[in-house]
Amino acid sequence: RIMYKIPLFKIYWDEEDIEAVTKVIKRGGYWAAGPEIEEFEKKVAEYVGRKYAVAFNSGTSALHAVLLAYGIGQGDEVIVPSFTFISTANAPLFVGAKPVFAEIEEKTYGLDPEDVKERITNKTKAIMPIHYGGSPCLHIKDLKEIAQDHGLLLIEDAAESLGARIGSEMVGSFGDAAMFSFCQNKVITTGEGGIIVTDSKEIYEKLKLICSHGRLETAGYFTSSGQVDYITLGYNFRMPTMIAALGLSQMEKIDDIVKMRRKRAKYYNSLLQKIGGITLPFETEYLYHVYQMYTIRLDGYDRDKLREHLARKGIFTKVYFDPVHLTRFYREKFGYKEGTLPMTEEISKKVLTLPMYATLKKEEIDYIAKSIKEFIEGENA
């Protein structure tokens with residue numbers, strides 16, 4: 001096993017995070033269904049500019065629940081990218097629907113609206129784009145328009161991009177609903193966790209039921225001795241109170257963390273743009289990137305050889321993402337083959353995610369850039 005000098009990510013935490021969790025533990029009660037959960041939901045909803053939020057134990061549970069809340073099921077189709085984490089594609093399968101893969105564009109790796117249009121059938125119920133790696137999806141407004149024109153839902157899988165925006169509009173504010181993840185490699189994290197934001201009171205109430213066994217919470221389950229009624233089929237997708245308390249504490253720091261990440265991305269850019277053959281993360285004045293990941297694309301060089309070269313130098317890099325449609329499960333279930341999504345497959349072969357975290361040192365970025373330069377010069381020799 002290689003001992004890495006520079007990891008792919010580091011969690012940003014401080015004493016306030018420890019205090020927030022400790023307070024809940026020392027209280028000796030409300031480790032589930034505590035007041036911090038609702039506070040956390042309100043804080044995220046407010047931050048994104050939505051009316052409602054429901055917290056979940058993971059982003060995957062959150063996606064599962066939102067599809068259930070919208071009544072998506074057997075015989076329905078949901079258009080998704082294949083260039084994503086697998087849960088985006090799996091969520092439709094959880095509810096008996098079918099994920100239909102569409103191509104991505106090569107700037108922000110978001111869904112390509114033209115290709116999405118081609119995939120719409122009378123079975124399509126929703127379009128579920130992702131906002132990749134901290135970047136807003138370039139064509140999210142076009143996708144919204146397509147969804148409206150065809151009477152489809154737009155559900156944003158914004159797992160990686162809390163805090164990103166287009167102009168003054170926050171990622172997560174474009175769709176009928178949006179999901180954010182708080183898994184450990186995200187900009188702010190609670191270890192595991194997710195949330196759905198929406199402006200629909202009806203969907204909010206359905207999510208609340210699905211999240212907690214279909215139970216009508218007229219009074220607190222753990223605090224009331226009265227009868228409770230179960231009015232629909234639900235799951236236990238609840239976020240524990242300690243996690244929500246940690247989320248609240250992390251939310252206090254989100255703007256600072258984003259600033260730190262953006263500063264490091266800017267420094268990366270200044271060094272890497274001098275080296276030919278590399279496409280840097282795409283950003284413009286109106287596309288505000290929070291750099292949950294710093295992903296480069298190699299043009300004309302062997303990505304895997306670079307990855308091996310960096311590993312030998314003690315630098316941890318990873319491919320985000322290999323195409324979902326080419327995983328064994330999807331090949332076997334749906335018969336997908338190489339060549340199904342040429343653009344997605346080509347981009348997947350060229351991308352490499354470099355170390356990125358709020359406390360990444362200047363010298364470490366120097367070392368990474370120098371190692372990349374060395375590789376490219378060696379290849380050109």
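A crossing of two helices is right-handed if the near helix is turned clockwise from the far one by less than a right angle. In this predicted model, helix 10 passes helix 13 in such a right-handed crossing. Helix 10 spans residues 303-312 and helix 13 spans residues 362-380. Their axes lie 10 Å apart, at an angle of about 130 degrees. The two helices are therefore oblique to each other. Helix 10 contributes Lys305, Leu306, His309 and Leu310 to the contact. Helix 13 contributes Ile368, Ser371, Ile372, Glu374, Phe375 and Glu379. By class, the residues of this contact comprise five nonpolar, two polar and three charged.

The crossing is left-handed. From helix 2, the residues involved are Glu36, Ile37, Glu39, Phe40, Lys43, Val44 and Tyr47. They meet Thr241, Ala244, Ala245, Gly247, Leu248 and Met251 of helix 8. This contact divides into eight nonpolar, two polar and three charged residues.

Isoleucine 127 has leucine 154, in strand 5, as its bridge partner.

Another open sheet has three strands, in the order 12-14-15, and its pairing is antiparallel. Its edge strands are strand 12 (278-279) and strand 15 (351-354), each pairing on one side only. Strand 12 and strand 14 (residues 294-298) run antiparallel and are joined by two bridges. Isoleucine 278 is bridged to leucine 298 of strand 14. Helix 12 (residues 342-350) packs on this sheet, in touch with strand 14 and strand 15. The directions of helix 12 and strand 15 make about 45 degrees.

The structure holds 18 aromatic pairs. One of them joins phenylalanine 83 and phenylalanine 321. The ring centres are 5.9 Å apart, with 85 degrees between the planes. The pair counts as edge-to-face because planes over 60 degrees apart are classed that way. Phenylalanine 83 lies in the loop between strand 2 (77-81) and helix 4 (86-94), and phenylalanine 321 lies in the loop between helix 10 and helix 11 (328-334), so the pair ties together parts that are 238 residues apart in sequence. Phenylalanine 321 also takes part in a cis peptide bond, with tyrosine 320. Omega of this bond is about 10 degrees. Tyrosine 30 has a positive phi of about 55 degrees, although this residue is not a glycine. Tyrosine 30 sits in the loop between helix 1 (15-27) and helix 2.

Technical notes: Residues numbered from 1 in each chain as written. Predicted model: local features only at pLDDT ≥ 70, side-chain atom pairs only at ≥ 80, totals over all residues. Heavy atoms only, no water. Axes fitted to C-alpha atoms, helices over the stretch in contact; angles between N-to-C directions. Helix = DSSP H or I, 4+ residues; strand = E, 2+ residues; numbered from the N terminus. Parallel < 35°, antiparallel > 145°, perpendicular 65-115°, else oblique. Contact = heavy atoms within 4.5 Å. Nonpolar A, V, L, I, M, F, W, Y, C, P; charged D, E, K, R; others polar. Pairing = 2+ DSSP bridges. Phe/Tyr/Trp six-rings, centres within 6.5 Å; stacked < 30°, edge-to-face > 60°.
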